[in-house]
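Please look over the following structure together with its sequence. The briefing below takes up its sheet, its helix packing and the confidence of the prediction.

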Amino acid sequence: MSGNKVNNGDYEKWKLDKEKKNMKKSLLIFLMSITFCFSQVQITDTILHRVKKKETLYSISKEYSVNISEIILLNPSLKDNGLKRRSRIMIPVFSEVISTDIVISDSLNINNEQKVISDLKTLVLESKNLNNDLILSLLLPFNAASIELDYIEKVEQLFETRNLYTISIDFYSGVLYALNELQKIGINVKLNVYDTENSFSKLESIVKDVARIKSDAIIGPIIPHNFDFFSRLKVISKIPKIFPLSTNPISLFSGVIQAITPKKILRNKMIEYLKKNLSPEDNIVIVADSLNRDIEADLKNMFPNSITLRPESQGGYILPELVDSLLVDSLPNKVIVETEIFTFVSSIISQMNSQISDERKVQLFTTYRGNIYDDPNIYIKDLGNLNFTYSSMTKPTTIDTLNSFTSGYIDLFGNFPNKDVIKAFDITTDILLRLALHKKIEKSFKYGDQKYIQNRYNYVKDSLGGYINNGFYILRHSEYNVDEIIN
């Protein structure tokens, strides 16, 4: 059989061909479909639990104060397969577990719970001069031509890790979800999707079509150097170009909108919070690696009586006896950690957790929370014990908690929406609501801070003429929750 590794008779050939056709069909349907029907079924609130080594159903049930039968009811496969390490299972969450400070956002067509994001939506619903027929161009590096659809195993391997293709698929699905919700409130959008193939030459051919169809906005490319190259092309100079997924710096020329709050802004907002809320009477310990000496110096100037603690080696480990000697029982211990090295973060969290007692209180802070804190080996309960506090444009309260947004997504795509899906939904919703109100999107920035499912947007003008997101939360872990601090 040409181009195929399996050749075990007519039946095996027919079976494999059928599987390949089904795989191709599924991928093509997903990539080409625009309109979907969403389930109205409501699912009970839950959180996802990642199974750790030596855990049992009994130990998990005790940890969350639920019955084993209630866990099995949500995870029927456990009856036959049992627990598997590193797998994810759903745990029922009851009202007393959810902090009253957390507002669970809903999708755009929901009413009472959605007051937190109602400003632009309300203006759209009340507008008599709505721009309700918009054209959106979406540029993502699917690199579809390189995917070997004839080999199911290779396609499956592609989906197992986070890569440009899976990020593109997730982002695309979030955009589609947003368009469906916007259509319910009278905003019709024609979506044009382009595969950038992560190539400058491909971008040069795409730009002509984007200009020809007179797009109202362009989302992407998602890779910084590709975005800078594309956004400088004169033929699209008057079209808003949104950089959607990275804190990495880009050239903020006129017409460019950076939708992700940059690291520098988040760090400055957290420094302002620390200055207002940490007392000179506290026992303040600054823990920084060699790459963060500048922020260490700034914090030391702010808190001159603070103690500095540095790792013993490049690996980022600290000695337990040193930590024990620096923390005290008589005062609140406020520990500020500045690093993006996983081993260092993991060591700090472990060491500080071991120091907590009835007599000794320890709280952990950082001026910048990188992606290392999302590592599954860092447990949310440990961060909760330390009341870990940081700044972010994203409030992670709905990924693991089922509501109408996540249940609709699960019903459609069969899995939980990840951060890329939700960012795509939020960015697309925000940009299109603004364009529905004003053809010149800059005029919509006067409406100020806008909150969506997880992310918030508050655009300010940069010195080069573009716009940058200034939206942020101050967040604090508490047990298994992450609460917004209203400062």
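Which residue in strand 5 does Leu 136 stand opposite? Leu 136 stands opposite Ala 217 in strand 5. This is a predicted model, in which local features need pLDDT of at least 70 and side-chain atom pairs count only at pLDDT 80 or more, while totals for chains, interfaces and linings use all residues. Residues are numbered from 1 along each chain as its sequence is written, and side-chain values use heavy atoms, with hydrogens and water left out.

**The sheet**

- Seven strands form an open sheet in the order 4-3-5-6-7-16-15, with mixed pairing, where strands are DSSP runs (E, at least two residues) and helices are DSSP runs (H or I, at least four), numbered from the N terminus, and where two strands pair if DSSP finds at least two bridges between them.
- Strand 4 (188–195) and strand 15 (459–461) stand at the edges with a single partner strand each, so one side of each is left without a neighbour in the sheet.
- From one strand to the next, the twist averages 25 degrees.
- Strand 3 (residues 133–140) and strand 5 (residues 217–219) run parallel and are joined by three bridges.

**Helix packing**

- Helix 8 (residues 200–212) packs with helix 9 (residues 224–231) at an angle of about 40 degrees, their axes being 10 Å apart; axes are lines fitted to C-alpha atoms, for helices over the stretch in contact, and angles run from 0 to 180 degrees between N-to-C directions.
- Helix 8 and helix 9 are therefore oblique to each other, given that angles under 35 degrees count as roughly parallel, over 145 as roughly antiparallel, 65 to 115 as roughly perpendicular and the rest as oblique.
- Phe 200, Leu 203, Glu 204, Ile 206 and Val 207 in helix 8 meet His 225, Asn 226, Phe 229 and Phe 230 in helix 9, contact meaning heavy atoms within 4.5 Å.
- Helix 10 (residues 263–277) and helix 11 (residues 293–302) pack at about 25 degrees with their axes 11 Å apart, and are therefore roughly parallel to each other.
- On the side of helix 10 the contact is made by Arg 267, Ile 271, Leu 274 and Lys 275, and on the side of helix 11 by Ile 295, Leu 299 and Met 302.

**Confidence**

- The protein chain has a mean pLDDT of 79, with 78% of its residues reaching 70 or more, pLDDT being the predictor's confidence in each residue, from 0 to 100.
- Among the elements of the chain, strand 5 has the highest mean pLDDT (97) and helix 1 (residues 10–32) the lowest (47).
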